[in-house]
Amino acid sequence: MHALAEIYQRDGIVQVPQLLDDAEIEQLRSVFMDQVAADHSLAIDDGVPDDDPLARFPRFVHPHRRTDVEAGRLSLELMLDSRILDVVTALIGPALGAQSMFYFKPPGARGQALHQDNTFLRADPETCLAAWIAVDDVDAENGGLAVVPGSHTTELVCPEPADLTESFTNAEVPVPDGLQKVQTRMKAGDVLFFHGSVVHGSRPNTSADRFRRSLIFHYVPEASIEIAAFYNPLVRPDRRSTTLSEAIGGGPCGDYAAAEP
Ligand SMILES: O=C(O)CCC(=O)C(=O)O
């Protein structure tokens, strides 16, 4: 078996160093900073107050669908880039692109409480896979991702209310019994791949002046039968789009997640 697939099967998480080079990272920073300064048309409304650092730097959702702007073209290109897709294919087989996101996470921004991605995507019968690209060096201080290795073998866990002083989202899943949360450290250009049931999230960016930018893709196996409506249409590696049946019902935790990525 592929060495990465072995780690993925054991932990549900694989970190691949330096998949993108310095010039590509610099391009991502400048293109996305220009875009967010120009307008927030790629952003999702997370309902933060005007004085929140995230009000100026909201996260972008599905930028790959906006090929009328450079940030969108770059997102689509990287979503289907063979360096990333080769790893995705080694881990889950032939795949479809379901989602892209860009987080700016400026100094002082809150993080995102622990959650499991397939609560939102509801890909079935398998799960989704995240490719989380560090666009800055990330660690605990600037709110790098924390993950729970081994949590991919747990069922989806129902969330509890999150601490809104630390998280801009309002629901948090507990760390499953017997498992531990681990803080990631990544260099810009590293990519963290993780399974849709892996419990993960991030704490606030407590640094004085370090952004914690990340470009995130979610993939599902090509053999998936359904997905939540928000993720249709999906993208094939040849750029054609495709639509899956819409997952219905709230799943084991009710409907709280229905509209929120
Ligand atoms: O980057 C973060 O802080 C959280 C991102 C995340 O949880 C996700 O991509 O599902």
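**Entry 1: the count.** I looked up salt bridges and found that the structure holds 15 of them. I took a salt bridge to be a side-chain nitrogen of Lys or Arg within 4 Å of a carboxyl oxygen of Asp or Glu. This is a predicted model, where local features need pLDDT of at least 70 and side-chain atom pairs count only at pLDDT 80 or more, while totals for chains, interfaces and linings use all residues. Residues are numbered from 1 along each chain as its sequence is written, and side-chain values use heavy atoms, with hydrogens and water left out.

**Entry 2: R83 and D81.** I found R83 in a salt bridge with D81, and their closest N and O atoms are 2.9 Å apart. R83 is partly exposed at 29% relative accessible area, whereas D81 is buried at 16%. My cut-offs: buried is under 20% relative accessible area, exposed is over 50%, and partly exposed lies in between (1.4 Å probe, protein chains only).

**Entry 3: R203 and E166.** Next I checked R203, which forms a salt bridge with E166 at 2.7 Å between the closest N and O atoms. This pair links distant parts of the chain, 37 residues apart: R203 sits in the loop between β10 (200-202) and β11 (214-221), and E166 in the loop between β6 (160-161) and β7 (171-172). Strands here are DSSP runs (E, at least two residues), numbered from the N terminus. R203 is partly exposed at 45%, and E166 is partly exposed at 26%.

Entry 4: I saw D238 paired with R240 in a salt bridge, with the closest N and O atoms 3.0 Å apart. D238 is partly exposed at 45%, and R240 is exposed at 53%. Last, I noted that salt bridges with shared partners join E26, R29, D136 and R213 into one network.

Technical notes
Helix = DSSP H or I, 4+ residues; strand = E, 2+ residues; numbered from the N terminus.
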